[in-house]
Every structure is written in C-alpha cells, then in structure tokens.
Amino acid sequence: MKERAKNAARKLQSTLVPKPFKRSAKKPPGQKPGTAIYTGEQHLDEVRMIVHDFSEQHYDVIPIEKIESSESFLQSDSKTWIQVQGLHDIEKLRTVWDYFELHPLIHEDIVNMSQRPKIEEYEDSIFVVMRMITHKNQDAESHGLHTEQISIVLGENYVLSFQERDDPVFDPIIKRLQMENTRLRKLGSDYLAYALIDTIVDHYYQALDLIGHSIEEIEELVIEDPREKHLQKIHSMRRELVHFRKSVWSLRDGLNSLIRDESPLISDEVKVFIRDVYDHLVQVIDSIETSREMVFGLYDMYMSGLSNRMNEVMKVLTIIATIFMPLTFVAGIYGMNFNPEASPLNMPELNWYFGYPAAWIVMLILAFIMAFYFKRKGWL
Amino acid sequence: MKERAKNAARKLQSTLVPKPFKRSAKKPPGQKPGTAIYTGEQHLDEVRMIVHDFSEQHYDVIPIEKIESSESFLQSDSKTWIQVQGLHDIEKLRTVWDYFELHPLIHEDIVNMSQRPKIEEYEDSIFVVMRMITHKNQDAESHGLHTEQISIVLGENYVLSFQERDDPVFDPIIKRLQMENTRLRKLGSDYLAYALIDTIVDHYYQALDLIGHSIEEIEELVIEDPREKHLQKIHSMRRELVHFRKSVWSLRDGLNSLIRDESPLISDEVKVFIRDVYDHLVQVIDSIETSREMVFGLYDMYMSGLSNRMNEVMKVLTIIATIFMPLTFVAGIYGMNFNPEASPLNMPELNWYFGYPAAWIVMLILAFIMAFYFKRKGWL
Amino acid sequence: MKERAKNAARKLQSTLVPKPFKRSAKKPPGQKPGTAIYTGEQHLDEVRMIVHDFSEQHYDVIPIEKIESSESFLQSDSKTWIQVQGLHDIEKLRTVWDYFELHPLIHEDIVNMSQRPKIEEYEDSIFVVMRMITHKNQDAESHGLHTEQISIVLGENYVLSFQERDDPVFDPIIKRLQMENTRLRKLGSDYLAYALIDTIVDHYYQALDLIGHSIEEIEELVIEDPREKHLQKIHSMRRELVHFRKSVWSLRDGLNSLIRDESPLISDEVKVFIRDVYDHLVQVIDSIETSREMVFGLYDMYMSGLSNRMNEVMKVLTIIATIFMPLTFVAGIYGMNFNPEASPLNMPELNWYFGYPAAWIVMLILAFIMAFYFKRKGWL
Amino acid sequence: MKERAKNAARKLQSTLVPKPFKRSAKKPPGQKPGTAIYTGEQHLDEVRMIVHDFSEQHYDVIPIEKIESSESFLQSDSKTWIQVQGLHDIEKLRTVWDYFELHPLIHEDIVNMSQRPKIEEYEDSIFVVMRMITHKNQDAESHGLHTEQISIVLGENYVLSFQERDDPVFDPIIKRLQMENTRLRKLGSDYLAYALIDTIVDHYYQALDLIGHSIEEIEELVIEDPREKHLQKIHSMRRELVHFRKSVWSLRDGLNSLIRDESPLISDEVKVFIRDVYDHLVQVIDSIETSREMVFGLYDMYMSGLSNRMNEVMKVLTIIATIFMPLTFVAGIYGMNFNPEASPLNMPELNWYFGYPAAWIVMLILAFIMAFYFKRKGWL
Amino acid sequence: MKERAKNAARKLQSTLVPKPFKRSAKKPPGQKPGTAIYTGEQHLDEVRMIVHDFSEQHYDVIPIEKIESSESFLQSDSKTWIQVQGLHDIEKLRTVWDYFELHPLIHEDIVNMSQRPKIEEYEDSIFVVMRMITHKNQDAESHGLHTEQISIVLGENYVLSFQERDDPVFDPIIKRLQMENTRLRKLGSDYLAYALIDTIVDHYYQALDLIGHSIEEIEELVIEDPREKHLQKIHSMRRELVHFRKSVWSLRDGLNSLIRDESPLISDEVKVFIRDVYDHLVQVIDSIETSREMVFGLYDMYMSGLSNRMNEVMKVLTIIATIFMPLTFVAGIYGMNFNPEASPLNMPELNWYFGYPAAWIVMLILAFIMAFYFKRKGWL
Ligand SMILES: [Mg+2]
Ligand SMILES: [Mg+2]
Ligand SMILES: [Mg+2]
Ligand SMILES: [Mg+2]
Ligand SMILES: [Mg+2]
Ligand SMILES: [Mg+2]
Ligand SMILES: [Mg+2]
Ligand SMILES: [Mg+2]
Ligand SMILES: [Mg+2]
Ligand SMILES: [Mg+2]
Ligand SMILES: [Mg+2]
Ligand SMILES: [Mg+2]
Ligand SMILES: [Mg+2]
Ligand SMILES: [Mg+2]
Ligand SMILES: [Mg+2]
Ligand SMILES: [Mg+2]
Ligand SMILES: [Mg+2]
Ligand SMILES: [Mg+2]
Ligand SMILES: [Mg+2]
Ligand SMILES: [Mg+2]
Ligand SMILES: [Mg+2]
Ligand SMILES: [Mg+2]
Ligand SMILES: [Mg+2]
Ligand SMILES: [Mg+2]
Ligand SMILES: [Mg+2]
Ligand SMILES: [Mg+2]
Ligand SMILES: [Mg+2]
Ligand SMILES: [Mg+2]
Ligand SMILES: [Mg+2]
Ligand SMILES: [Mg+2]
Ligand SMILES: [Mg+2]
C-alpha cells in the first residue's frame, strides 16, 4: 500500500516541472560569473552546427564542423542563422561564443537548463531565453507535456539559436525559408528572430489545449464521484499550471520593452510583429490564470463532494439506527423475564391473546412515524 | 447514474465559455504570421457586404458583391461603413483586406474566433476586436448567453465591421443613421466606430442582468436547501464570470489609451464619448468583480449549509442512540436468565410485585434525564 | 418552510444594494448616447428647483418654476446654487440642462440611478456623481441604510445639484449659508461644491458606525451559538460591504485628480479642503476593508463553531455507545438460552449464588474503565 | 452561559482597536470643515504647555500658561519645541492654533482621535498625525497594548506636539536634549521632529515583540489541544493585526514623499535620517504582514486539529460498534426462544455439551478478526 | 503529553526564522539614532580584521590589529577589501567606522542582527545589508538552514565586509583573487562588491534545493497517510518560506535601483553583472512563491485526506450498523417471551419445525439486501 502511494506521488512529478535546484548541485556558490556549466543531460552524440544562409534571392543550408566555416556567410550581405543543437560540449560551444564575442554571462545562461525565461539587451546583441513546451503523443495518463530550453542571440545580420536536442520544432521556419517572396526572406535577421519566438509561443497553445481537456475530464470525474485519485490529479494540475505560468510570465515584460525600446537591432516593421507575439503571450497567460481558477473551483467541488458523500453516509446510518433502535428496545422489553405469576402487573401482555400481534403493530407504528419524520425532513 | 453525471458536466459548459484552444487545432505552430485561418463554424451561405454611405445630407444602404463597387463611395466626401457578415470565405475576405491594404496581422485576428479583445493602432487605421455577448430567450436552465466576436477597422473616412453572423445587433445604429440631424450623421467615421463599440458594451448590461438574476435564484435555493446540483450551478456561474471578465477586461486599457493618445483618426469631440463608453466598461468590470465575490459567498454558504445539515443529522442520531441505548441495556438486564431459585440474590426483581412497572419507571426516568440534558444543550 | 427561507433570502437584499441592472431594462442597447432615461422610481409630485443666491453680503433662497427665472442671479456677481429635486420629469430637467448647455452625456448620467460614482472634467464644468448613504431610524433587523444618487455640476459661478428626493441632507449647508462671515459665503462656488461633497462623505461615517455595531453584535452571537441565521447575517454583511466599497471606491481617483489637475474652476485655497475630504474618503475605504476582513473572520469563527459543536455531539454519542454497547453485550450473553442441564459448561454462572451481582460488578467495572479512558482523553 | 460568551466577546475588543466611528457620534454630517471637536476622553485636569528651548549652547524647559509667553523664544535664534498635553479644552488649544496661524483643517485633525495617520505639507509647515502604540505591564491575558494619537507640527524654527495624556513617551528625547554636543542640539527643528517620529516608530517594535510572543504561545496551545478559546484568541490576534497595520500603513507614503519632495523645511542632512525611520517603518509593516500569515496558519492548524480530533472520536466509536454489534447479535441469536423440542432443527446448539464455550469462541474469533482489520487499517 | 506537544512546537522554530523583536529588548525606544548596539550573540573571541589588497599585478592577505595599519593599502592605487569578522566589540568596530567616516546610521545597521536587507546609497559609499542563508549538514529532521547577516560597504577603492562569524562563505572569492588574469583582479572594487553579493545569492539556491526536497518528502507522506505531524511540518514549511521571502524580497528593488541610478561608484561594465545577480534574485523569489503555492496545495491535500479518512471510517461504521441492527432486531423479536400457549397468535414460529432455519434465512436475506445496497452505492 505504501508502495502504491509512493508511485502516485512520483507520477505527480510531471515532465513539465523543471528542476530549478539542480543548478546548485553542479555549480557551487561563489564561482566566477559566466562560468558555463551544462546542467542538463546529454541528448545528442555531439554538438551540431547548421548554417542557414539566406537573402531575398537565395537560401542555403550548410552543416559545419567548425564555427570558422561560417566566416564567408557572415561577411556577405546575406542574413545568417546558425542553429546549434546539443549543449553538453562546453568546449565546442565556447568556440562559437568566442567567435561572436558573446558576453560571458550569456554563456552561463545558455547552458543553465533552469534559467528563468528573459530578454536582455547587450551592447550589440539581444539575448533571449525561452522555454519551449511541446506535446508528445504519449499515453493519456501523463499529460505528455515536455519542456526544453531554447536560447536565441540576435546580432546585426545573424541569429544564433541554441537547443539541447534536435527536435524538429523549427522545421516550419525552415520550410518557409525555402519559399521565395516571403517576408522571412525579405526582411532582416530581426524578423527571423521574431519567427523563432513566435513558433515557441504557438506551441503554448497546444499545451493549453491539453490542459483544458484534462480539466474538463477531471471535472466530469469529480462531479460523478469524488475519489482520492482525482484530488491527486487536481493537485498535479495545480502544480503544472504554476510552473507553466512561471515559464511564460517573465517573457511578457521582455517583449514589451523590445516594443518600446529604441534598439537599432529591431526595425519598426518587425516591431508590429513583436506586438502580435506579445498579444499571443498575454492571451496564453490569461488562459493559464483562467485554468488556475478552474482548478481552484475543482478543488472546492471535490471538497463539497466529499461533504455530500459524508452527509449521505450519515443519513443512512441515522435512518437505520433511528428506526431499529426503538424497535429493538420494544423487542428487548418483551424479552425480559419478569415473572407474570408473581404479580398481575408483571408483563401481562405476554399472556394476552393478541399480545404478539399488538407488539408488532406498536413496532410498525414506530417505524412509520420515523419514516414519516425522515420523509418530511427530505432525507428519504 | 454515470450518464446523468456526464450530462450535468456537459451542461456546465455554457455557451459563454469560448474555446481558446481550437485555434491550435487548425493552425499548427510555426506558420507564417498573418496566416488567415477561420477557426469558427460557418453560419451564413456566403460572405455578405453592405455599404452604408452617409453624410449630414444623405444615408444610403447598398449591398455589394465585389468590394471594388465601394470605390465611388470611398472617393466622395461622405463617410462609408462597410459591414461584412460571414467569415468563412477567406478568399472573399482577402479582396476586402487587400483593397484597404490592411496589415496581415489584422487578417489573422479577424478570422481567429478566440482572439483576445484588444484595440491596436496601426499606421493609418485603428483595429478593434471585441466580444459581443447577446442574450437569447432560451429556457431558464441555461443562462441563454451567447458570444460572438466582432472586429472593427477605423480608417480616415471609412469603418469596416466584421461579424460571423447576420445578427441584428447593429440595427439600432442603422435606425439612427436613417434619422437626420443626428450626431451620427454630422460627426465623422470615428463617431460611428464609437457607436458600434458602445452598442456592444450596452449588451454587457443585459448579460449582467441575467447573471444577477441567476445569483439571486441560486441564493434562495442554497438558503432553502443546499443540494449538490446547486453547487454545480455555483461552479458554472464562477466559470461564466471568469470568462466574462476575460472577455471585457483587456478592452479597458485599449479604450484608455485611445483617450490619451494623439491619434489623428479620433477627434477631441469623440474622445468625450469614448470616455463615456470607457466609464461603462469599468462599471461592467466592477459588477463582474462584485458578482464574483457574491459567488464566492454562495459557495461559503453552501458549505456551511452542508455542515449545518450534518450537525442536524448527527444530533438526531445521537439523541436516539443516547435515549434508547440505556433503555435497551435495562431491558437486556431483565432478559438475563440468572436463576432466581439458585440464590435470593439472583434477580429477585423479576418476582417482585411491582417489578415490571418499576423497570418501566427506571427507564422513563432515564429517558427524561436524557431529554432534559438535550434540552439544556439546545439540541431539541 | 420554503416560504420562511424565501423570506430570509429576501431580507438579505438590503436597501443598500443598488440595482445595477435595471438600466438595461429601460434602456435598450444601441441607443443614442446621451439619451436621458430615468431609471429610478418617482418620489416627488413634480421637479422642484430652488435657487440659493449668495455672496459675502447676502443669502437668498428663491424657489423657481422655470429655469429662466435664475437668469438675473447668474448674471450678477453673486454665486448661485440651483438645487434640483426630483428626476422623473425628463422634459423639465432638459430645460435646465439646455439652459446651462450641459453635455448630453451628463444628462444621461444624472438620471441613470445606477451610475458609477465619478468625477469628470468637461470644457467649462466639472461633473460629480456620488452615492449618498443615509441612515434611517428603522427597526434593528434591517441595517437601516438607504442609498440615493446625487449629481453635482460645478460651473464658473454656479453649482447645480440633482437629487431624486427632497431629503434634508443639505440642510446643514443651508444653515451655514445663512450665517455671515463664513468661508462658505466668502469663497467661490468651488467651495460650495466641496461642501456638498464633504457632507455626503460625512454620512459615510454614520453608515460605517452602524455596520461596526452590526459586526460586533454578530460576533457576540456567533461566539455564543453559531446558528444558521447568523450565517445569513454574515453573508448579508459581506454583500453590503462589497456594495459600499463599490459606492465609494471610484471617487478616490476622481478627488485625487481634482487636487493635481490645473482646472481653473478650483482655486488653490479650495484644493486644501478637497485634500481633506480625500483623506476622509481614504479613511472610509480603509474602514470598509477592515470591516471586510472582520466579516471574513466571522465566517471562519462560524465554521469552526460548527465543527466544535459537531465534535461535541459526536463525543456524546461515542461516550454513550462505548459505555452501553459492552454492557448490553454482557446482558445479552446472560440472556442466551443455553441449557445448563445439557452440560456443566453451559452457562453455570446462571446458577451461581453470586451470579447476578457478579454480572453487575463486571458491567460496572467495564463502565468505569470506559469512563476513565474518556476522562484521560479529556472528553469528559 | 450567555453571560460568559458576552464576556468573551467583550474581551476580544482589545485596547488596540480604535473607535473609528465615534467621530460621527459627536460630529454630525455637513458641519463646517475645520470644526474642532475633541472625540476622546478627558485624561488631564487641564491642557499643559511646556516650552523646550534649545540651541547648541543651551537647553531650557519652561512650563507656560499662555501661548504668548513663548514669544521671546520663537523670536530668538534658538529652536523651540512646544509640547501640548491634553486635548479636551478646545478654547485653550485654539489660542495655540491661532498664534501659529495653523490651517483650520489641522485643528480638526489634532482633536479627532480617530484620524488616519498621515503626513501633510502646508504652505509653511508640515503636519504629522501618528498613532503611538505603547506597552503597559498589565496581566498576561490582555496583550497590554495601548494606543494614543500624537500630532506634530513642524514650522521653520519650531515644533509643536499634541498628545492626549502626559505619558513619558518623549522623556528619552528630553534626556538627549539635556546633553551637549548631540545632533539634536546642533541640527535644526526638522531633526527634532524626526526624533519624535523615530521614538514613536521605535515603540512599534515593542508591540510587535508582544504580538510575536502571543503568536508563539497560541501556537503551542493549538498544537497541544485545539479548544474554542484558542480560536477566540486567534480571532482577536487577527483583529489586532488588522488595526495595527491600519495604524502604520499610511505613514509609509507620507515619509516617502518627505524624502523625495523639495520641502525647504527639511534639510538634506535630516533626510538621511528620515530614510532610516522609513526603513524601520517598512520593517514594521513587513513584520505585521508576516504575523498575519502566521495567524492565518494558526487558524488552519486549529481547523485541522478539530478534524483530527473528530477522526479520533469517530474511530473509537466505530471500533467499539464494529466489535460489539456482531457479538451482541450472536448473543441475541442464542437468546431466541425457538422451541428445541418442536424440531431437531430448532437451535440444537443450546443443548450441545460445548454449546456455550463454542458460542464464546465464535464471538472471540469475530472480535479478533475485527481487531486485526482495524490494526491493518492503522486505526489501533 | 503536554511536554511532547511543547517539544513539537519548539522544533517548529527553525533556525531560519530570525528574531525581529530582539532588538527592542536591547535598544529602548527614543534612543539616539545611530546608536550601535549589537543584538546577536558573541561567536568569536575577538573582532578580526583581514586586509585583502590586490591589483592586476598582485594579491596580498594581511591580518591587521588596528585599522590604521590599512592606511598604506588604501593610499596606494591597489584595491582593498577589509574583511571584518565578529561584531560584538562595538569599540573596536567604531575605530573602523570612524576611520572610514561612515554615517552613524550605517553603524547601527551593521550590528543590528535583525536589520531588513537593503541597499542604500550614501554620499561617497554604497551600503548593503544581506542575509546569508547557508546549509549545514545536520540531521534530516531540521532543515539545516542557517542564517547570518552580512553588511558590505563599497567605497571608491575599497570594500568593507562585516560578518558575525568566521564562516568560510567568501573563501571561493579569495581563491579567485589568488588567480591572475581574472576579472576580479582587473576590474575595480565595484566588481568585488558584486562578487560578494553574488556569492550570497548563490547560496539561496542551495537553501531552495533543500526546501524543494522537503516539500517532495512531505507530499509523499501526506498522500500516503495524513497524520498530524505532517501538518506540523507543512506549517513549519510555510513559516520558513515566509521568512525566506522576507529575507530576499527587499533586495530586489535595491539591486534594480543600482542598475538604473548613475552612481559614480559603479561602472557600466559591472552593471551588466549586477543585472545578472538581479536576475538570479528574481528567480529565487519566483521559486519561493512557487514553493509557497505548493505548500498551500499540501495543506489542501492534507485536509481532504482527513476528510477522506473520515468518510472511510463512517462507511465502516454505517455498513456494520446497517447490517447488524436489523439482524439484532430479528433476534430480539424471537427472544421475546410471549406465551405461545396463551394464544395461537403468540409467536407460533417458535414451535415451527423450520422456525430456526427460517429465522436465519430471513436474517441472511436482510444482510444480503444491505450488502447489495452498499455495493451499488460503491461503498464496498
Ligand atoms: Mg486570477
Ligand atoms: Mg489566481
Ligand atoms: Mg487564489
Ligand atoms: Mg482565485
Ligand atoms: Mg479564492
Ligand atoms: Mg481559497
Ligand atoms: Mg475578485
Ligand atoms: Mg474583488
Ligand atoms: Mg475575491
Ligand atoms: Mg474571498
Ligand atoms: Mg474560496
Ligand atoms: Mg475566501
Ligand atoms: Mg479584503
Ligand atoms: Mg484587505
Ligand atoms: Mg482578506
Ligand atoms: Mg481572508
Ligand atoms: Mg476566507
Ligand atoms: Mg481562504
Ligand atoms: Mg496578507
Ligand atoms: Mg502577505
Ligand atoms: Mg496572506
Ligand atoms: Mg487560508
Ligand atoms: Mg493565506
Ligand atoms: Mg486568506
Ligand atoms: Mg503566494
Ligand atoms: Mg502566488
Ligand atoms: Mg497567498
Ligand atoms: Mg494562494
Ligand atoms: Mg491558494
Ligand atoms: Mg486555499
Ligand atoms: Mg482555504
């Protein structure tokens, strides 16, 4: 039985919940700031780098081994997106960071897998950390939500993106890059950075979808029959929503300041699009808040369901006891052994002709009075 | 029984609650921004376009087939309102959007039926998305609230409105347009846009009216007898209010910035009216908040009603048990078979002349003591 | 019984609670803004107009029939307060509004009896809507709070006030106007407007006084004995406080902006007084918040009182059952009919000399053990 | 019993709780603003005035009868603190107010004993109202907190202080004035005003100290045994904290604006000290908030303690009932009077040789099964 | 038993909880501001001073006895960190404060062990008070969190740090100072101050780690079996989180204003690093809030666990009572002593051939009906 409970508790830890404390395990206090230590697990054999070079006229995809191979693309007039997959090999990543002269604090954040999402402006770049939340077709029991940290660096004519895995999350972007006459090809690297952010925010809707379905399911279950395992689902839901909110909330201010600030890296034309993704993010946050309120409501329903069940149980007990206790008492009376021969007052009923039927009638009347009383109280 | 519970749960999903997640179902992540995909259901056979052309001197209504037919109205000095009904035919809508050179992000929002309400300023237009909440005379069980998204584009001398259906929500405006010497005819297109927004906000009062009545009804029911189905109504109420609030809340800031910003599209004269509709919106939001507090209060009343019932049930049980248990014990005593002949100490009472009446008197005294005790405790 | 509950529910609707939804009943959506429709009940036979004309040297009170009769007063150097009582006759009111060229939106707000309290600046006037909360010596059951909407228009050398009834709420002001050498006579119409506002805010203290007494009363009652009707009082209290807060809250920002804005209608000297009434309003709001917290605390006390009672009930039941069940069992044992003659093992106790007393001793010992156990648990 | 409950309720009204409503009792609505009416009780025989005149070189204390006696001190270069004790004699106070030409609104606030704490800047003075909370060595039952309103007026080279009583709260300041070479003697009257405020804030720490001890005490009691009287203490605690917060909260903004504003009455040197007392005030507010959370936690502990007790009671009942009901049934079976002679099937057990012991064995086995079942459930 | 409860209560007072009230014990109200009184316990034999003098070229550590010995280091171009350990000897500390001409208010805060964390700018220095929270390898029962106040003064080319103990918290900084070519050696004293702050914030992660583990542990325990001691752990958790939040919350604004203000003491280069530590602090605060929500959730789970247990107990009782009460009644019927010989109606069953088995069959049927009823209700 204990084992079962522990399993239940373990299942509560959904994959959505990050491990914000792992960092400390690997990185002791007082270390040099900018010390890059990867706090995730290794997912790929090696760090891959893919150059996407494009302009209005062309689009090329070139996997590279060394970051120096991107030199020619960066020098040319084209826009260049370097996609880095795998974050376990700090040495190889450092070649990229040094090549682009990124600030050491950026190094640290890219490989710290529990970094708070944020948008920061540096002297000649904008640094974005987001939490991608994807949806996998897993069993219905777990919510199938999966979280991954993605960092984006926007420079003057380049974009760097860093992911732990080679998930195909950005494939729709790549497909759009292949098409001519798209805004993606026409506008600058700021628009590409926007497109990456937008893709990540789009995924939040799918996660919300799943959560919405779960809430409806639990609602049906709780109304039907409030069992302890439903409470655990409610609790787990509550936890997921807290972490979901934490994963998106802090981006809000970041996007807002991108819209208002006068960064030369982002054109006015792209700012309109950033306002759009900001609007989506606010809608996501609103939905999370709404879901949270629904979950609080579920808890209230669960608790009053319990109270209702208790009331029902107690009514059954009370009805039975209230009907049978007086009857049993009557039966007990006539089970007494007073000697009728010692006195005519001693239980003469026992010798009456209609004694036994009379006792039954008394008992039935008592039972009917009780039943009527309960009926009037609405308990039956 | 399960079936019944599911039905109850289904009924909780009132028509007011939007489906914020449907979007993802139709629109996969990573798509081109401004990709217009209609996320609602088709309500009309075809997209209808009606031109309302008016000035201080005239008012004409002309249904048109092609948007180019509005050219002459737009070129003239008159003000032109083009009412578009039906949003399922993206291709036809695109002819309108392209004709007025609307930003692609506006396209997307017009046909995304779960767009968050908002007011956005573009270079030469103001874009408004609102959620019309109308009231239908349906059965008393469901609240009869019905939601529809309406988009409005205000240009220099024109207004565009987009609705899913051909509901007569704007008929009062049309009637006022027919009358001469009205502000609507005298003032510019900004005043018309205001009038449309004002009409939508006016409808919120009717929805609040309905909700207010429901709360009063549930209150009476809960005070009378706290049943489980009342709790479900409370829960449903809570959900509706959360979504109602979400439907109006975000407009507040939009209207406020319209009043403060220096948009050339809105004259100072009209700003006074926008301040008025802002005031109405704030009043609506206040009432929603108040209703929410009332609903929380109802839940508290329900829970304490349950506890009260439980107390009452337990008192009945305790009174019955406490009176009959000692009596039954006394009866049990005299039902023992100790042999009076084996010893003078063995239940001599059984052979007493007043044995049986004495037993009754003992039992009655016990019962009276208990009854007196309960009386003093206030349980009877 | 149902009737009783309905009455209870009806009593909960105190007179303080406004009807924010009535408006919609009379005013359909989409109407011309500024459409004046009176949403209250008629209280007076006709609309009365009283001119109070005063300067440092004189004070005259002149009831007038037509607003044009005030012409001479308004033209002179004196300050003029026109007190309008009764709002049901829109036509007559319109003569006033048109005479002073008030904005149509002001018309609408004056006669809409569920207008949110507010302070608005127009081009050449300041418009104030407030909710007077007066206290009538009614029966102790209802709180005796009574609400009335009062509108005030401050122009350059005049003040208009609009009330539904002819309540003597402003009589203290009139008395002060009769006295010479008062600030009221010396300072301008802005000071008079302040004095009217201040009088209304002063009344809030009396309402708070009443509410404070009610809370103390309910507190005593709940501590004494938590009954269901007390809960209904708590619920009613909570509702009143929500509406009280709504009635005063929105004035706060209005007064604050009057202090800060550079309106030529209000002199610096009067601004110091407005700061004082603002301070009073903040104190009122603070007290409402505090009362709300007290009421939440009362609810918590009520609920735990219920739980305490339940515990007490259950203890009585448990003590009785736990003492008498074993005793009844023992009595049952010796009520069995095993044949002592069939075997020496068959209930030889029945034939013992001390059988019956021994059975009693066993039962008494059992009872003492139980009583000792409950004593040690602190249940007795 | 009712008497006892009323006493309990009365005790809840600690001395800390002010009477914000008394004002209305004495001051009817609509009165002239600045009408000074003392709303407290008389504590001293007469209003006392003490002049503290000091400079870097000297410090003199002179009790005066008439305010005009302070003329010479105020004219000189020295700094002068006039300490006024006793507020019941409005006429005498008015001589002071008129002498210093204080604004009438200040008069009103000084003698209104339920004034919200605040800091206001007037043309040539700064007016401060605070609530001193002192600690008296009373019995442990009441918290021994005592509240008194203190007003301070800071002018160019003078400070006025107004108190109801002659409590020695400012004695430490007087001692410091007696010492030479202190900042108090060197710096201006603004520093003296700061020192008075600082002394009042210092007293808040002692009140917090007491409250902290009370919370710890109640915590111990609640963990030990959740009784109803503990709940009343929790409720009383909650009330005190609400009022304590109200007594200090509004000062925060006042002090903050003193630091930021460019008042010529406060030098930059003294602003650093005001920042310090602001910091202390924030710390006091933080501690109040923390204490409030602790008190909410205590309530939760109390409620779950009640539930735990209930569970325990129910377990005892259930165990007893579940063990003895089957046994009593078995005994009842063998108490039936079926005639063994009428049929060999009629209760032949009664005549078995081992009948009676067998019945006991059956009953003991039943009891053991039940006990084992409860053991496994963890109820024993 | 009382003793046990007191122990439990005592254990709740974890070491994390500061003693904000101790101050008052030592420092009476009305004292001179800047009066330095140490409110902690003595931890070291004497106050130690260690000079860390460093530049890009060198790093020297010199313990000093008198603060004047640091003269030469401070005069030179190098940067100097003076680490002061032990705060009990005010006289010795005063030599340091006077030497650096620190404001008296700084003196007071350095030795007041319950000072609210803050960052304050003075004319030529920045003063920081923080609360170090370290983790000791203690027994698993207590959380092993330990709190210590650390003050830092940043001057133009020096940093002072004040600690109560000689804990090795800053040893990683010292190790980094020993290495050449580090930012710490190259950049100014502002970077050193940053590094000290960063080290303290890094420790918060470890504390969070511990708290996270505790929450997971309690969660498992509560799901398994909601016992009273788990509630005490939840309560203790809640308390710790409140105090943790209080210990870090107020730093947020301080760091934020350091980033924005134009203090000449902090270079732009270092501001980027301060932004990083600010980001970490916000992440810590977020995690505390999340943990708080988890703890509220735990309480809810605990309470519904209790209700579930109660339901289970009541079901057992009800099932047993409902099955055995009717059976006992039937047995009681046939235990009645009606005389079959007095009338053929008097319990003829007793003499039937199948009387006894028939009674059993009746009773079994009754039992089966009840069991079936409970089965259908889902109680079995
Ligand atoms: Mg919310
Ligand atoms: Mg929320
Ligand atoms: Mg909440
Ligand atoms: Mg909520
Ligand atoms: Mg809530
Ligand atoms: Mg809640
Ligand atoms: Mg709310
Ligand atoms: Mg609210
Ligand atoms: Mg609320
Ligand atoms: Mg609430
Ligand atoms: Mg709630
Ligand atoms: Mg609540
Ligand atoms: Mg509140
Ligand atoms: Mg509050
Ligand atoms: Mg509250
Ligand atoms: Mg509360
Ligand atoms: Mg509450
Ligand atoms: Mg609550
Ligand atoms: Mg709080
Ligand atoms: Mg708080
Ligand atoms: Mg709180
Ligand atoms: Mg709570
Ligand atoms: Mg709380
Ligand atoms: Mg709360
Ligand atoms: Mg929180
Ligand atoms: Mg929170
Ligand atoms: Mg909270
Ligand atoms: Mg919360
Ligand atoms: Mg909560
Ligand atoms: Mg809660
Ligand atoms: Mg709660």
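**Entry 1: pairs that stay apart**

I began with chain B and chain E, which do not touch. Their nearest C-alpha atoms are 9 Å apart. Contact here means heavy atoms within 4.5 Å. I then looked up chain A and chain D, and no contact joins them. The closest C-alpha atoms of chain A and chain D lie 9 Å apart.

A note on the source: this is a predicted model, where local features need pLDDT of at least 70, side-chain atom pairs count only at pLDDT 80 or more, and totals for chains, interfaces and linings use all residues. Residues are numbered from 1 along each chain as its sequence is written, chains are lettered from A in the order in which they are written, and side-chain values use heavy atoms, with hydrogens and water left out.

**Entry 2: chain D against chain E**

How many residues of chain D are in contact with chain E? I found 74 residues of chain D in contact with 75 residues of chain E.

Next I looked up the area. The size of an interface is often given as the accessible area lost when the parts come together. Buried area is that loss for two parts, taken with a 1.4 Å probe and summed over both. Chain D and chain E bury about 6700 Å² between them. Carbon and sulfur atoms hold 61% of it.

Then I turned to charges. A salt bridge is a side-chain nitrogen of Lys or Arg within 4 Å of a carboxyl oxygen of Asp or Glu. The rule finds nine salt bridges across the interface of chain D and chain E. I looked up the one between E:Arg245 and D:Glu293, at 3.1 Å from N to O.

I also noted 31 residue pairs in polar contact between chain D and chain E, both residues at pLDDT 80 or more. A polar contact is a pair of N or O atoms within 3.5 Å; within protein, one must be able to donate a hydrogen and the other to accept it, and residues adjacent in sequence count only if both atoms are side-chain atoms.

Which helices of chain D supply at least two residues each to the side that touches chain E? I listed α6 (171–178), α8 (189–224), α10 (268–333) and α11 (355–377). Helices are DSSP runs of H or I with at least four residues, strands are runs of E with at least two, and both are numbered from the N terminus. The largest share, 37 residues, comes from α10(D).

**Entry 3: chain B against chain C**

I found 76 residues of chain B in contact with 73 residues of chain C. The area buried between chain B and chain C is about 6700 Å², with 61% from carbon and sulfur atoms. Nine salt bridges cross this interface by the rule. In one of them, B:Arg309 meets C:Glu228, with the closest N and O atoms 3.5 Å apart. On the side of chain B that touches chain C, α6 (171–178), α8 (189–224), α10 (268–333) and α11 (355–377) each supply at least two residues.

**Entry 4: strand β1 of chain C**

Why is β1(C), residues 48–54, largely enclosed by the rest of the structure? Six of its seven residues are buried, so the strand is largely enclosed. Buried means under 20% relative accessible area (1.4 Å probe, protein chains only).

I checked its partners. Two strands pair if DSSP finds at least two bridges between them. β1(C) pairs with β3(C), residues 79–85, in the antiparallel sense over seven bridges. In that pairing C:Asp53 stands opposite C:Thr80. β1(C) also pairs with β2(C), residues 59–64, in the antiparallel sense over six bridges. Here C:His52 stands opposite C:Val61. A hairpin of four residues joins β1(C) to β2(C).

How values were computed
Buried < 20%, exposed > 50% of the residue type's maximum accessible area, 1.4 Å probe, protein only.
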